[in-house]
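This briefing is intended for a reader who is meeting the structure for the first time.

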Amino acid sequence: MRSFEANGRTYPLPSNPIAVICLDGCADEYLSTAIACGKMPRLAAMAREGYRGMVRGALPSFTNVNNSSIVTGVAPRVHGICGNFFLNPETGEEVMMNGPEFRRCGTLLTAAADAGRKVAFITAKEKLRTVLGDGVVERGGIVFSSEKVDEAKLATHGIDDATAIIGKPRPEIYSGDASIYVLEAGAALAEQGRADFLYLSTTDFMQHKFGPQAPEILDFHAKIDAAIGRLLDAGCVVALTADHGMNAKNDSAGNPKVIFVEWLLHGKFGKKLRVICPITDPYVVHHGALGSLVMVHLENPAIRSEVAEFLFAQSGITEVLTREQAVEKLELAPDRIGDLVILSGRDVVVGKSPEHHDLSVLKGGLRSHGGRYEEMVPLVISKPLTPELCRLAEGDPRNFDVFHFACHV
Ligand SMILES: [Zn+2]
């Protein structure tokens, strides 16, 4: 059997088209509720005839971190993307990792294209296209975002007239349509034989806004299911996972439960330390840059254990790891994280200071991610697992094994 290699892993070239879907922010309860309400009949059939289980994502449970892991097949320690932002140790500046130059290894998308696959990578957010889509178009593949689908050109995106091919105009980025469009675009490419190795990655706007029971999100999942059906009908093996889960982060009155870590530490230890919120991105309406993991950078390393002890004693903070521990236990790259890595509880977010976060954008309460409680995500595959894959699934399978699963079933 022919195969291709990427980052030390071997993937057999599948005999049929494959479509790997990363449903952004899709905690398993979204799927359970939608299936129970009869909104996802095609996904329910996949679970029945193929496989449905849970896989562990990478921490921090953020979008870029996990999408980077999924397209490389390796942990953040290897690919280096440990958040949207990091503090450059050489310059002392906060840097947004919005280009492929921050990634430390190649993707399996370019490897599959080199092996002759017709690769298509479609995302909702333009930032993911720029961070992860490098090299694909040069190898004859197609890469675009629904956010800027109308800017897609043959030379730069591998496709002209994308909206005409898909049959729909560009959707609004702050909408469920931005995600549905990604899957519909993938389905159109598969139906027309323009792609046979697809990675489709959505945005979590809807999941930040709505819990699993909301009629709006049930309607959203019904449309996602219809698009999955089109991919299946086009002959694709479909493998669906998520980058991270999503939890409400509010008190019983509906107000966000926030611990302002930098503000707290400045009060106790003085100003010679900084907190980085690596969830910060240009799409702040989603979460106000508040998630369940932050990095603490100290000017004076001698106070590290005192700071760690102080933070661990705070109600709502669940884990305080040193840089070395985070490298070992969270598989993070040592030069892209803080002296301390702080994780908060299921219903708690951690931030910088009250001035730094605009809570007014969070109408209707906060739902967010980033921490340990958004680490476990679903994996659904349209074909049954082989005995080898069953053993993998019974152990500690990862969301970034999804291409391994999809190529081996
Ligand atoms: Zn996400």
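Gln207 belongs to helix α10, which spans residues 205-209. The model is a predicted one. Within it, Gln207 has a relative accessibility of 0% and therefore counts as buried, the cut-off for that class being under 20%.

**Surroundings of Gln207**
- The side chain of Gln207 comes to 3.4 Å from the backbone oxygen of Asp24.

**Cavities in the structure**
- Two cavities of 30 Å³ or more are found when the whole structure is searched.
- The volume of the second largest cavity is about 30 Å³.

**Lining of the second largest cavity**
- The residues that line this cavity are Cys82, Phe85, Phe86, Leu87, Ile276, Pro278, Met295, His297 and Arg336.
- Strands β5 (85-87) and β14 (293-298) each contribute at least two residues to the lining.
- The largest contribution comes from β5, which supplies three residues.

**Position relative to the domains**
- The second largest cavity lies between domain 1 (3-246 + 370-408) and domain 2 (258-367), because both domains give residues to its lining.

Methods:
Residues numbered from 1 in each chain as written. Predicted model: local features only at pLDDT ≥ 70, side-chain atom pairs only at ≥ 80, totals over all residues. Heavy atoms only, no water. 1 Å grid on protein atoms, 1.4 Å probe; cavity = no way out; pocket = protein on both sides within 12 Å on 5 of 7 lines; lining within 4 Å. Points joined across faces, edges and corners; volume = space filled by probe spheres on them. Helix = DSSP H or I, 4+ residues; strand = E, 2+ residues; numbered from the N terminus. Domains from an automatic or database assignment. Buried < 20%, exposed > 50% of the residue type's maximum accessible area, 1.4 Å probe, protein only. Polar contact = N/O pair within 3.5 Å; in protein donor to acceptor, adjacent residues only side chain to side chain.
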